[in-house]
Amino acid sequence: MSFKPKQLIVASVAGLVTAVIVAAIAIQWRSSQETPAASPQGTVTDSPVPSAPSQAPGVIESPPIVVRPPTTGCEITMAIVQDPDPPLNVRRAPQVQEGNIVGQLPNNTFISVVNEQDGWLEISDPVPGWVAKNRTHSSCPNVRQPIQFLPGGNSAIIQGEIIGGGSHSYTLEAEAGQTLTVTAENSIFPYIITPDGQLLGDDVNANDDLTEWTVMIPESGTYTFELDSNFRGFTYEFLVRLE
């Protein structure tokens with residue numbers, strides 16, 4: 001059978017349309033195979049991955065709270081000269097006035113304080129007179145402060161400094177049967193005093209190489225961590241953990 005030119009054009013167009021339809025169907029079928037299946041909730045997922053196990057119930061432990069002693073609101077007995085433009089002038093009266101300088105002190109000199117007035121410290125040693133407080137470094141000689149853990153926490157880092165003589169004490173409520181751990185890697189250990197005033201762990205402060213100490217709380221009540229200085233003082237840092 002022979003075809004006329006017009007019939008050939010119609011047949012070609014019909015064949016092209018058929019090919020397009022077949023190709024479209026093939027693409028649609030292939031896409032349906034690649035399209036991820038919907039979850040029962042209607043959320044599209046790439047693959048049927050099992051859900052991750054839920055987190056175990058319980059309270060997440062808080063990090064240690066940092067406890068530091070106050071540095072103001074107390075009577076200073078000793079300070080250290082820390083003048084940004086040394087030496088520090090010692091004056092006859094608590095005021096900057098020409099002719100009233102009675103001496104000068106280099107940095108890191110310990111000075112004995114007998115009075116404080118309007119930003120000035122009256123000192124008795126090594127040179128009697130007055131110095132500007134903001135050119136010195138000092139601490140409260142006597143401190144008593146409670147340790148209160150953060151919600152969900154059971155540990156605290158105690159950081160402080162005693163300049164000169166003094167006593168810094170930190171109190172903690174504990175129950176019989178709990179485990180107390182004290183860690184002081186680069187500092188001295190505090191004295192630990194029981195609620196009835198007895199020393200807990202006689203061998204703690206006698207061992208200079210000790211960095212960690214653990215004990216079971218013998219009785220419920222207030223325990224005191226005490227650090228004493230009777231000369232130049234020292235800095236301290238230790239971790240308290242109660243479980």
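A disulfide here is a pair of cysteine sulfur atoms within 2.5 Å. The model is predicted, so local features need pLDDT of at least 70 and side-chain atom pairs count only at pLDDT 80 or more, while totals for chains, interfaces and linings use all residues. Residues are numbered from 1 along each chain as its sequence is written, and side-chain values use heavy atoms, with hydrogens and water left out.

**Exercise 1. Find the disulfide and say what it ties together.**

Step 1: Apply the rule, and you get 1 disulfide. Cys74 is joined to Cys140, with an S to S distance of 2.0 Å.

Step 2: Check the handedness. The torsion about the S-S bond is about -85 degrees, so this disulfide is left-handed.

Step 3: Strands are DSSP runs (E, at least two residues), numbered from the N terminus. Cys74 sits in the loop between β1 (65-67) and β2 (78-81), and Cys140 in the loop between β8 (136-138) and β9, so the bond ties together parts 66 residues apart in sequence.

Step 4: Are the two cysteines buried or exposed? Buried means under 20% relative accessible area, exposed over 50%, and partly exposed in between (1.4 Å probe, protein chains only). Cys74 is partly exposed at 24%, whereas Cys140 is buried at 2%.

**Exercise 2. Work out the order of the open sheet with 4 strands.**

Step 1: Two strands pair if DSSP finds at least two bridges between them. The order comes out as β9-β11-β15-β13, with mixed pairing.

Step 2: Look at the edges. β9 (142-146) and β13 (191-193) each have a single partner strand, so one side of each has no neighbour in the sheet.

Step 3: Zoom in on one pair. β9 and β11 (residues 166-174) run parallel and are joined by 5 bridges; Val143 stands opposite His168 in β11.

**Exercise 3. Describe the largest nonpolar core.**

Step 1: A nonpolar core is a set of buried Ala, Val, Leu, Ile, Met, Phe, Trp, Tyr and Cys residues joined through side-chain atoms within 4.5 Å. The largest one has 26 residues, and Ile158, Leu180, Trp213, Phe225 and Phe238 touch the most other members.

Step 2: Follow Phe238. Setting aside neighbours within four places in sequence, its contacts (heavy atoms within 4.5 Å) include Ile158, Val182, Pro190 and Phe225.

Step 3: Look for another core. A second, separate one of 11 residues includes Ala79, Val113, Leu121 and Ile123.
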